[in-house]
Each structure stands twice: as structure tokens, then as C-alpha cells.
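Me: I would like a close look at one part of this model. Please keep it plain.
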Amino acid sequence: MLDRSVTTTDGTQVPLRRRVYEIIEIGRGVDRTSAIFDAVIITLIILNVVAFALETVPSIEARYGDALYAFEILSVIVFTIEYALRIWSAVEVPFLQRMPAWEARVRFAARPYLIIDLLAILPFYLSFLFPVDLRVLRVLRLLRFLKLSRYSPAMHTLIRVLYAERRSLMGAGMLLITAVLFAATGMYYLEQHAQPDKFGSLPLSMYWAVTTLTTVGYGDVAPITPLGQVFATLTMVLGLCILALPVAIISTGFAQEVGRHDFVVTWSLMARVPLLAELDARGVAAIMPLLHAHNLPANMPVMTTGDSGYAMYFVASGEVEYHGPERLITYGTGEYFGVVAMLDGSDVRGTYRTRTKCRLLKLHRSDFAQLDRANPEIAEHIRRTAAERLAEREDG
């Protein structure tokens, strides 16, 4: 039953497991069945958050408690089936196909989005298995809201920014901790005799330091000595400067990431390109941050004759036409172009123009050089695969 083939909307016969993988992982935006699946899951997630909020209203809980519980059971069943299908079809992920089936599924299950999926259904089963009312676990149902991040380009971008700027953010965090320690120590020595109940120890003073440096300022703890008040003023100014650092780091990184990508590059998107799909998980993690992603309308020039070959392009979806001196070539989803000019540093011969609406992944020559230095085996993989392709059909 699980090995049988199914017919897609275009009449193609594909194995059932492969079709499931296409629907839930890579068909987004180009497959109608996948779009319906995504819409159902997104709607169910939103309704779950609304239902959780309504359960906290005593009058609604008393009147509609049974209906809300039935909806909870239905939601858990759907989310469980979704999670099981993702794990089952994980062996179809190109970057995991070289592994044994069990290892591929374990690796896939360890991805952050799959962990969120598991935590979204786990509280229900734990509360069902244990006789006590695990109220803390019920709160974890709100993790279902995080499932929306899978469908949110903005969340993808923010996560990428936080990861890319993790070292800078850690540095800002260490600076904030240092400021808290110095502020708490200073106030301890200045105010310990005047207010022993509030500044009688370093831990007590740290509470004041945190609320002051973060500009919250509850007012329940405040210095009363002149030196303490002067020190508090300096601490407030210092807090404004320190807190501005992580905000500036994130905002700058977000702006750069938005300018770099018209859409978010994901594993499922890269899986549409055979050249990239042959890489392993480590290779994908290395090359993904280097790709520039662009949405282009139909009949839009990508590269024209005489342009410097500073980048190669992968077609994630759509079609691109090459108009050369004596030939016309169409590049469809999964193909790439411009690799010869990029590797040789030569000018482009001919014009590349989008035939339909396209999603293109662009790899600059400078980024390829960076990739070559950091991961020479991946760069060599691209050169070798490109050479094999060029032996069959020359790339303009």
C-alpha cells in the first residue's frame, strides 16, 4: 500500500512516499495540493491558539468545554498525522538519501521545526497518560503557534539573522552582564548602610541594576544618598547605550538579509535543483547563506551580451531562455546557467531572459571563492558536476 504510485495533477506517476514529500515539503507555491495542505495546517494552528485563549474564560469553558476538548483531540490527530508523514517521507530529502532510512529520519527529526512539531502534540499525550492534570504542559500547547514559522518568510529571515549575528549578540550580552555586575557592586557599596534591606547584598543590588540598565525602572528600589543618585544617573545612561547594541546588530543584519533575499532559501527549495540536491547536509548548510534569492517576473533580462560573468544562477522555479548567436536554449526548474562565465571570469555571450515568473538562486563569484576557501570539496563538486553537464551541452 505504501509503495504504490499515485498520479499527480499533471498526469505523472510518482511513488506515494515521494508524492507525500512533494506535498508537505517542496511543493509550496507551485503545487495546488500542497497549497491546500498548507492552508489547512495554517488555519488549524490559528484556531488552536484561539481555542486555547477561549478555554481561559470561565463562562466559555463551562458552556463549550466539551466542544473545545473535541476540537483539541481532532487537532492532535491531524498534527500527529502531519508529523508522522514528515518523518516517514524524510528519506526522500535529497541531502539525506545517502544515509540509512533510520538515520535519515533521526537526523530529520532533530531539525528545529520537527522538534517544534513534536512539542506541539506531546503535552496532549503526556496529560492523557498521566492521571494528574499537568497544567504546565497544557501551556506548551501554545508552541503550536510556532509551527507558523515554517510558513513565514519573515520568521525564517529573523532566525537566519540571529544565527548569523550570534557572536556579536553574545558579545553584547557579555557586555550587559559586565555592566550589571559593576552597577550592582557600585550601588552595594554606596547604599548598603543607608538601605540594608534593599542594597544589603550584591544579589539584592543586582535586581536594581537589571531594572535600571534595562530602563524598566519600577521605582520600588531607588538610591537615597547623593553619591548613589549620581551613580544611578550614570547607570541609566550606560543602560541606554548598551541596550542599543543588540537592537542595532539585529536591525542591521535584518536589513542586509532582506536586501539579499527576495524570498527565503530553504532546504526544500534547494532540493529542486539537482546540482544542490546532491550535496549532503553539511554542504547545504555551507552554501545556503551564500545564495542570493530573487523573484523575477516574466520577460525580464537576467544577463545580457557583454555583461561580466560575476555570478551563476540556479532555477528554483519557472523557465529562463537563452538567446545566443545561433541557438535558443530553455532552462527549467532545477537547471543552472552562467557557470562558465563565472568560473572563467569571461563576459556573457548571449542574453538570458525569464520566460515565466521565476525564482532564481544566484551565487556570486566572490561567494564562490569564499566557498572554495572554506569548503573546497563543495566548490570542487560544483566544478565537477558543471564539467559533466558541459560535456553534454555547452553552457553559454
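In what order do the four strands of the open sheet lie, and is their pairing parallel or antiparallel?

Reply: This is a predicted model, in which local features need pLDDT of at least 70, side-chain atom pairs count only at pLDDT 80 or more, and totals for chains, interfaces and linings use all residues. Residues are numbered from 1 along each chain as its sequence is written, and side-chain values use heavy atoms, leaving out hydrogens and water.

The order is β4-β9-β6-β7, and the pairing is antiparallel. Strands are DSSP runs (E, at least two residues), and helices are too (H or I, at least four), numbered from the N terminus. Two strands pair if DSSP finds at least two bridges between them. β4 (301-303) and β7 (328-331) are the edges; each has a single partner strand, so one side of each lacks a neighbour in the sheet. From one strand to the next, the twist averages 30°. Axes here are lines fitted to C-alpha atoms, for helices over the stretch in contact; angles run from 0 to 180 degrees between N-to-C directions.

β4 runs antiparallel to β9 (residues 351-354), and two bridges join them. Opposite P301 stands R353 in β9.

Why do strands pair at all? Strands of a sheet pair through backbone hydrogen bonds, either parallel or antiparallel. In this sheet, the pairing is antiparallel.
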